[in-house]
Amino acid sequence: MRVLTGIQPTNFLHIGNLFGALRPAIDLQRENDLFMMIADYHAITAEHDPVKLHDNILFTAASYIAAGIDPTKTVLFQQSQIPAHTELGWVLQTVARMGEAKRMTQFKDKSGSNEDKVSVGLFTYPTLMAADILLYDAESVPVGDDQKQHIEFTRDLAQRFNRDFGDTFVVPEPMIRKHGARLKSLTEPEKKMSKSAPSAKSYISLTDDPDIIAKKVRSATTDSEPGMTFSKDRPGLHNLLTILSLIEDAPGDELASRYDGMGTKALKDDLTERLVEHLRPISKEAQNLVDNKDELIRVIANGTAAAAKVANAKIAEVRERIGVAL
Ligand code: AMP
Ligand code: TRP
């Protein structure tokens, strides 16, 4: 099966990206044909610092590899270097309808009361994402819960294009895990954990050192109800138990009964220790890879060349279908 996913190189990856998208992709790597993209043209839809973006592209690629992406098996590539993405993104803007684009909840969340001030790119971003997926005939797209609507939009665009211009695109399915597809903010557990959150205390980045992890977990919001239960009605606690359950591969309710009686402090202490152990080898390896920058750039360029072959064939077919190829 052809599988594709991508992460925006905005800041460092956090554990939501790791458990929501990266791990599920890595788990599919052995038996599938995986395309793993650095979504750098998505990262410029909000204000950005070019120097930081440059570093984060490298760090994102390094994090993929450090977490388990094997660039000899998987096509690891950089979106911006393949013009077919922006080209198909344009074509799909003409296929998409204003009404459906306006319904995207991520745009509404990200623009908030500032709708007139955000970039047009933030609004058209889902058509670029649809292009990312459709160029590669991806059948399955492992993502966190927040991207589900964008995949449904992609499916609608693919079906409409196929109907109007002939069978061209594979209609992809989202692959969303039951647990870990929406890790919550540590400080405001009703919201999702996000890289662009105003406070860095709300997320744990793959590069946080042990002291920072300890501080963030210690100050994570929980509730004052007695006893421990694994329930969405207790979002802070539910989130901490979910993170531990992802690391330990144990059900959340089993962990709740293990820590019931021991209390929240014991849970937070153990979670800190397990997170530190879990993230240390990944961040260490990512740093090593970034330190060997030339080699890392070579790996990305190789993957990008392989991806470009697939994308260029598809965009040529699209040009034929819509009548612009002479
Ligand atoms: P982004 O950081 O927005 O580029 O997201 C990259 C991938 O990580 C997407 O598949 C997201 O759905 C996933 N993701 C982002 N935030 C979370 C979260 N809090 N919990 C689970 N998955 C997430
Ligand atoms: N929009 C996605 C996010 O913010 C990242 C992304 C871009 C993506 N292109 C993609 C994810 C294609 C899956 C497939 O999370």
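Me: How many salt bridges does the structure hold?
Reply: This is a predicted model, and the count rests on side-chain nitrogens of Lys or Arg lying within 4 Å of a carboxyl oxygen of Asp or Glu. On that criterion, the number of salt bridges in the structure is 21.

Me: What is the N to O distance in the salt bridge of Arg163 and Asp164, and how accessible are the two residues?
Reply: Arg163 has a relative accessible area of 63%, and because exposed means over 50%, this residue is classed as exposed. Asp164, at 41% relative accessibility, counts as partly exposed. The side chains of Arg163 and Asp164 meet in a salt bridge with an N to O distance of 3.0 Å.

Me: Which residue forms a salt bridge with Lys73?
Reply: Lys73 counts as partly exposed at 46% relative accessibility, and a residue with a relative accessible area of 24%, Asp70, is likewise partly exposed. The closest N and O atoms of the bridge are 3.5 Å apart, and the partner of Lys73 is Asp70.

Me: Which residues make the nonpolar surface patch of about 230 Å²?
Reply: One of its members, Phe165, is placed in helix H7, which spans residues 148-165. Patches are made of residues with over 30% relative accessible area and no salt bridge, and Phe165, partly exposed at 34%, therefore passes the area cut-off. The residues that make the patch are Phe165, Ile322 and Val324.

Me: How many bridges join strand S1 to strand S2, and which residue in S2 is the bridge partner of Leu4?
Reply: Strands S1 (residues 2-7) and S2 (residues 33-38) run parallel and are joined by 6 bridges. Each of these strands is mostly covered, with 5 of its 6 residues buried in S1 and 5 of its 6 residues buried in S2. Among the paired residues, Arg2 has Asp33 as its bridge partner in S2, and the partner of Leu4 is Phe35.

Me: What is the handedness of the β-α-β unit made by S1, helix H1 and S2?
Reply: Helix H1 covers residues 15-29 and belongs to a β-α-β unit together with S1 and S2. The handedness of this unit is right-handed.

Me: Which helix does the chain pass through as it crosses from S2 to S3?
Reply: S2 and strand S3 (residues 75-78) run parallel and are joined by 4 bridges, with Phe77 in S3 as the bridge partner of Met37. The β-α-β crossover from S2 to S3 is right-handed, and the helix that the chain passes through, at residues 50-67, is H2.

Note on methods: Residues are numbered from 1 along each chain as its sequence is written. Chains are lettered from A and ligands numbered from 1 in the order in which they are written. This is a predicted model: local features need pLDDT of at least 70, side-chain atom pairs count only at pLDDT 80 or more; totals for chains, interfaces and linings use all residues. Side-chain values use heavy atoms; hydrogens and water are left out. Patches are made of residues with over 30% relative accessible area and no salt bridge: like charges are joined within 9 Å, nonpolar side chains (Val, Leu, Ile, Met, Phe, Trp, Tyr) within 5 Å. Accessible areas come from the Shrake-Rupley method with a 1.4 Å probe; for residues, only the protein chains shown count as cover. Helices (H or I, at least four residues) and strands (E, at least two) are DSSP runs, numbered from the N terminus. Buried means under 20% relative accessible area, exposed over 50%, partly exposed in between (1.4 Å probe, protein chains only). Two strands pair if DSSP finds at least two bridges between them. A crossover is right-handed if, with the strands pointing away from the viewer, the path from the first strand over the helix to the second runs clockwise.
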